[in-house]
Amino acid sequence: MVRAWEGICETHQAESADWVLTIVGWEDDTTFDQLGSTVKEMFRGRFEFKGPVFGEEKSVLFAESSAFILPSLSEGHPMAVVEAWSYGLPVIITPECNLSVGFRFGAALKIETSEDSIYSGILEMLRMDVIDRENMGKQGRKLVENLYSWPEQASKFD
C-alpha cells in the first residue's frame, strides 16, 4: 500500500493533493519505526502513521476521514471495515476481508493485494465524484444498519 501511494503521489499529484494516507493499527515497534522514517522521507506531509488508536481518538479519526482501505491478505471479519461503514465512509477492500456484501451493494471497491491493484483502487477512489463517494459511504452505512445493528444482532438470538 505504501508503494502504491508513493506511485499515486508521484504520477497523480493533482488528484491526490488534498489526500493523506494514514496508517492505523497494531504492529511491532521496530516495523513501525522503520516504516515511519522511510515514509516520512518519501512523502513529506502526505503520509501519517498513528499506531493503535482507541475511543474518542478513533472516533475523531473516522469522522475526519474521506475513505478507508484494508488491503488485507487474510481476515475473519474485519470490524474496522464495519466501523468505517458505520461512519459512512467508502471503502477499498480485498476479497480476503470476507465482506463480499460490500461489493454486491456498492459499498466497497474491490482490489487484490498486489501493488498494481492497490494503486488502481486508490486512483479509482481519488477520481470518483464526491457524490459517488458519499453514495458509496451511504450504502455502507445502510449495510451496518441492516446487518450489524444491535436490534438485528439481537433478533438472531430468539
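Helices (H or I, at least four residues) and strands (E, at least two) are taken as DSSP runs and numbered from the N terminus. Just after helix 5, Gly 88 adopts a positive phi of about 75 degrees. The model is a predicted one, in which local features need pLDDT of at least 70 and side-chain atom pairs count only at pLDDT 80 or more, whereas totals for chains, interfaces and linings use all residues. Residues are numbered from 1 along each chain as its sequence is written, and side-chain values use heavy atoms, with hydrogens and water left out.

The protein chain contains nine helices and five strands. From the N terminus on, these elements follow the order α-α-β-α-β-α-β-α-β-α-β-α-α-α. Among contacts (heavy atoms within 4.5 Å) in the protein chain with a separation of 6 or more, 57% involve residues 24 or more positions apart.

Helix 5 (residues 79-86) has Val 81, Val 82, Ala 84 and Trp 85 as its buried residues. Viewed down the axis of helix 5, these residues fall within an arc of 155 degrees, and they therefore line one face of the helix; the arc is that of the directions from the helix axis to the C-beta atoms. The buried residues of helix 5 pack against helix 4 (55-64), strand 3 (68-70), strand 4 (91-93), helix 6 (100-104), strand 5 (108-110) and helix 8 (130-148).

The packing of helix 5 with helix 8 has an angle of about 115 degrees, and the axes lie 7 Å apart. Helix 5 is thus roughly perpendicular to helix 8. Axes are lines fitted to C-alpha atoms, for helices over the stretch in contact, and angles run from 0 to 180 degrees between N-to-C directions. Angles under 35 degrees count as roughly parallel, over 145 as roughly antiparallel, 65 to 115 as roughly perpendicular and the rest as oblique. The crossing of helix 5 and helix 8 is left-handed; a crossing is left-handed if the near helix is turned anticlockwise from the far one by less than a right angle, and right-handed if clockwise. Val 82, Trp 85 and Ser 86 of helix 5 make the contact with Gly 137, Gly 140, Arg 141, Leu 143, Val 144 and Tyr 148 of helix 8. The residues of this contact comprise five nonpolar, three polar and one charged. In this division, Ala, Val, Leu, Ile, Met, Phe, Trp, Tyr, Cys and Pro count as nonpolar, Asp, Glu, Lys and Arg as charged, and the others, Gly among them, as polar.

Ser 86, found in helix 5, counts as partly exposed at 23% relative accessibility. Residues up to four places away in sequence not counted, Ser 86 touches Arg 141 and Val 144. The C-alpha atoms of Ser 86 and Arg 141 are separated by 4.9 Å, although the two residues are 55 residues apart along the chain.

A further helix pair is formed by helix 1 (residues 2-11) and helix 7 (residues 115-127), whose axes come within 8 Å and cross at roughly 50 degrees. Helix 1 and helix 7 are therefore oblique to each other, and their crossing is right-handed. Helix 1 contributes Arg 3, Ala 4, Trp 5, Gly 7, Ile 8 and Thr 11 to the contact, and helix 7 contributes Glu 115, Ile 118, Tyr 119, Ile 122, Leu 123 and Leu 126. Eight nonpolar, two polar and two charged residues make up the contact of helix 1 with helix 7.

Ser 16 belongs to helix 2 (residues 13-16) and counts as buried at 0% relative accessibility. Not counting residues up to four places away in sequence, Ser 16 touches Trp 5, Ile 8, Cys 9, Arg 46 and Leu 126.

The loop between strand 4 and helix 6 holds Glu 96, which is partly exposed with a relative accessible area of 29%. Its neighbours within four places in sequence left aside, Glu 96 is in contact with Ser 72, Leu 73, Ser 74, Glu 75 and Thr 113. Asn 98 is found in the loop between strand 4 and helix 6 and is partly exposed, with a relative accessible area of 48%. Most residues other than glycine have a negative phi. Phi of Asn 98, however, is near 60 degrees, a positive value in a residue other than glycine.

Methods:
Buried < 20%, exposed > 50% of the residue type's maximum accessible area, 1.4 Å probe, protein only.
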